[in-house]
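I opened this notebook to record what I looked up in one structure. The entries run from the whole chain to single residues.

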Amino acid sequence: MNEPVIDLTTISAVLFDTDGVVTDTARGHAAAWKHVFDAFLRGRSTPFDIRDDYLRHVDGRPRLDGIRTFLEARGITVPEGSPDDEPGAATVHGLGLAKDRIFMAQVEKYGVAAFPSTVSLLHELRHRGARTAAVSASLHGRKLVTSAGVLHLFDLVVDGNDAALMNLPGKPDPALFLEAARRLALPAVRAAVVDAALPGVEAGRKGGFGLVVAVARDGAEAAELSAAGAEVVVSDLGELAVRGRVPPLTA
């Protein structure tokens with residue numbers, strides 16, 4: 001395992017996933033998924049495991065992809081449905097709408113917090129001349145970063161709305177990260193990816209980024225994240241040092 005360092009003599013930008021990396025929202029997502037899936041699975045299968053099922057099948061994926069992946073793992077098939085479905089209907093869209101309603105109700109009630117260590121790292125990176133981007137598969141990515149009070153620490157945000165408009169595939173495809181690098185006018189090899197989910201780490205590896213950092217907050221999935229392509233695994237971004245400085249742009 002490599003030393004937990006971002007070397008700004010070779011890396012000019014850092015692309016951060018949001019859930020579990022910038023914003024402390026992963027537990028809220030997992031709880032909302034459990035509420036929705038357990039109601040749907042009653043009489044069909046065993047309950048949704050808030051840790052293993054969430055990490056293996058849902059975390060880091062676009063909402064509808066997560067539903068498809070989880071149900072496939074349980075051998076369950078439901079119709080796709082449409083965005084006009086009733087939340088909670090036994091369709092991919094219906095389950096997704098129910099989860100979205102529950103999660104956003106939590107956000108409206110309790111707000112969103114940013115991890116202090118991530119905020120400190122963002123300040124340090126920008127002080128040293130690095131550019132930063134928030135990259136999220138969520139349609140609410142920009143709203144969550146804004147609610148957490150850290151939008152000003154990013155040069156840009158690429159989220160699920162961009163993916164929908166541009167017809168970009170979700171993680172583990174690297175398209176969202178590559179789009180962020182494109183907007184920063186940098187080749188992937190000059191950017192680092194920081195993610196807390198297996199699909200995001202795999203996307204960073206597939207995209208040919210200069211560094212892939214994984215955040216394993218309880219340490220349990222560290223080996224899997226490393227196997228998926230993370231060159232550096234930390235339990236908190238406070239462990240990640242920054243070395244060097246990005247040279248200023250010249251005319």
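**Entry 1. Whole chain.** I began with the secondary structure: the protein chain holds 10 helices and eight strands. I note that the model is predicted. I then looked up the overall dimensions, and the C-alpha trace spans about 60 × 35 × 30 Å along its principal axes. The radius of gyration is 18 Å; this agrees with a compact globule, because 251 residues in such a globule would give a value near 18 Å.

I also checked burial and surface. Of the 251 residues, 52% count as buried. The accessible surface comes to about 11100 Å², and carbon and sulfur atoms contribute 53% of that area. Among the contacts with a separation of 6 or more, 63% join residues 24 or more positions apart.

Entry 2. I traced an open sheet of six strands, in the order 4-3-2-5-6-7, with parallel pairing. Strand 4 and strand 7 are the edge strands, and each of them pairs on one side only. From one strand to the next the twist averages 20 degrees.

I examined the pairing of strand 2 (13–17) with strand 3 (131–135). These two strands are parallel and share five bridges. Leu15 has Ala133 of strand 3 as its bridge partner. Helix 5 (residues 116–127) lies across strand 2 and strand 3, and runs at about 160 degrees to strand 2.

**Entry 3. Strand 6.** Is strand 6 mostly covered or mostly open? I found that strand 6 (residues 211–215) is mostly covered, with five of its five residues buried. In general, side chains in a regular strand alternate between the two faces of the sheet. Here Leu211, Val213 and Val215 point one way, whereas Val212 and Ala214 point the other way, and all are buried.

I looked up both neighbours of strand 6. Strand 5 (residues 191–195) pairs with strand 6 in the parallel sense over four bridges. Within that pairing, Asp195 has Ala214 of strand 6 as its bridge partner. Between the two strands the chain passes through helix 9 (residues 198–206), and this β-α-β crossover is right-handed. Strand 7 (residues 232–234) also pairs with strand 6 in the parallel sense, over three bridges. Val213 has Val232 of strand 7 as its bridge partner.

**Entry 4. Helix 8.** Which residues of helix 8 are buried? In helix 8 (residues 175–183) I list Ala175, Leu176, Phe177, Glu179, Ala180 and Ala181 as buried. I then asked what covers these buried residues. Their cover includes strand 2, strand 3, strand 4 (156–158) and strand 5, together with helix 7 (160–166) and helix 9. After helix 8 comes Ala185, with a positive phi near 60 degrees.

**Entry 5. Gly160.** I located Gly160 in helix 7. Why does Gly160 count as buried? Its relative accessibility is 7%, and the cut-off for buried is under 20%. Leaving out residues up to four places away in sequence, Gly160 touches Ser136, Ala137, Ser138 and Leu139. Gly160 and Ser136 are 24 residues apart along the chain, and their C-alpha atoms are separated by 6.4 Å.

Definitions and conventions
Residues are numbered from 1 along each chain as its sequence is written. This is a predicted model: local features need pLDDT of at least 70, side-chain atom pairs count only at pLDDT 80 or more; totals for chains, interfaces and linings use all residues. Side-chain values use heavy atoms; hydrogens and water are left out. Buried means under 20% relative accessible area, exposed over 50%, partly exposed in between (1.4 Å probe, protein chains only). Two strands pair if DSSP finds at least two bridges between them. A crossover is right-handed if, with the strands pointing away from the viewer, the path from the first strand over the helix to the second runs clockwise. Contact means heavy atoms within 4.5 Å. The radius of gyration is taken over C-alpha atoms; the globule rule is 2.2 Å times the number of residues to the power 0.38. Accessible areas come from the Shrake-Rupley method with a 1.4 Å probe; for residues, only the protein chains shown count as cover. Axes are lines fitted to C-alpha atoms, for helices over the stretch in contact, and angles run from 0 to 180 degrees between N-to-C directions.
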